[in-house]
Amino acid sequence: RVDEWTDVDRKRVMNDIISAMFKKNFMEELFKPQDLYSKKALRTVYDRLAHTSIMRLNQASMDKLYDLMTMAFKYQVLLCPRPRDILLVTFNHLDAIKDFISDSPGILNQVDETFRQLIETYNCLSDGEFQLIRQTLLIFFQDMHIRVSIFLKDKVQNSNGRFVLPISGPVPWGTEVPGLIRIFNHKGVEVKRAEFTSAGNYVTPQREGSFELYGDRVLKLGTNMYSVTRPVETHMSGSSKNLASQAKENIAPNPLAKEELNFLARLLGGLDIQKPAGGETGFRLNLFTTDEEEEHAAQTRPEELSYKVINIEATQEPGRRAELSRILGELEVAEPRPGSAEKGEDLLALMDGL
């Protein structure tokens, strides 16, 4: 039934999206050393991933889904007890994904291969390098303060959209509960101790989370926050609206725009959009209570936060080539080009090779 979200639909959509997300060439591009890309680039990839199945979302529902994803991820990165635990959050994400496709061994192998790549790439990094990763991610999300009902009800987000840092609970692994000051002399010998009362109720963690392919992550950040069924709403806070109107991202020409478009073309070239077969019509997912509520959300959302997703079809059709050339022309990237090389020549050559 077109109007009903069945378990069969759910499994099919999850299999399609996860299979596309962990496709080998897509992962290879993501694992290449590169600078952090813009919010517009992230949104473009996210939009393409969400539509790799027969499921379709209107703009307002897509905006809401993206808001939920970005704020949930910001919350997880912000509350990591130590920078290295970002990897445990990622492993929690992958563990949950593996549960979705436990009866699809082919897709499960794709996820496990990505798991092994993450372990090989990141397990050897120092604490300082993980701190740099954490700060880079937080800078990316620092101006996003969208209120999410599930966070507001759990008292982990204030009414202005900012998250509340806890002052109780387990301390980071490898650290001690606050309350003791040790004083050492120039030879490194402890000469004096002083105790103080901390403001929070801290406890020592029992064990460190597992950084292996299988194991207890201990950390709960990154696990399913929707395990208790309840409606989830997103609202723009006043500060977010002001910041968004001031920022107006990408109005000025971006010197990395051409490289970013090439990056997106390589990524999206490996993602196939599933089209309903035969007489199948597919189905639309509405994250709002009614269609009218969805339409109203689309009309009232600030233009600066819609990201204006770039549509790239990595095909060799003449029309697609012209569209890519037009996009490159609009970017107005001023850089020296030898001889009569046409704008976007390297991108079009890349498209031909896909």
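This report describes the overall make-up of a predicted protein model, its second largest pocket and helix 5.

**Overall make-up**

The protein holds 13 helices and eight strands. Of its 354 residues, 38% are buried. Among contacts with a separation of 6 or more, 75% join residues 24 or more positions apart. The accessible surface amounts to about 20500 Å², and carbon and sulfur atoms contribute 54% of that area.

**The second largest pocket**

At least two lining residues come from each of helix 4 (59-78), helix 5 (85-100) and strand 3 (169-170). The lining of this pocket divides by residue class as follows.

| Residue class in the lining | Number of residues |
|---|---|
| Nonpolar | 19 residues |
| Polar | four residues |

**Helix 5**

Helix 5, which supplies part of the pocket lining, has 16 residues. From its first C-alpha to its last, helix 5 reaches 23 Å, close to the expected 22 Å at 1.5 Å a residue. The buried residues of helix 5 include the run Asp85, Ile86, Leu87, Leu88 and Val89. Phe91, Asn92, Leu94, Ile97 and Lys98 of helix 5 are buried as well. The buried residues of helix 5 pack against helix 1 (7-21), helix 6 (105-122) and helix 7 (127-141). They also pack against helix 4, which, like helix 5, supplies at least two residues of the pocket lining.

Definitions and conventions:
Residues numbered from 1 in each chain as written. Predicted model: local features only at pLDDT ≥ 70, side-chain atom pairs only at ≥ 80, totals over all residues. Heavy atoms only, no water. Helix = DSSP H or I, 4+ residues; strand = E, 2+ residues; numbered from the N terminus. Buried < 20%, exposed > 50% of the residue type's maximum accessible area, 1.4 Å probe, protein only. Contact = heavy atoms within 4.5 Å. Areas by Shrake-Rupley, 256 points an atom, 1.4 Å probe, with all protein chains shown as cover. 1 Å grid on protein atoms, 1.4 Å probe; cavity = no way out; pocket = protein on both sides within 12 Å on 5 of 7 lines; lining within 4 Å. Points joined across faces, edges and corners; volume = space filled by probe spheres on them. Nonpolar A, V, L, I, M, F, W, Y, C, P; charged D, E, K, R; others polar. Expected span 1.5 Å × (residues − 1).
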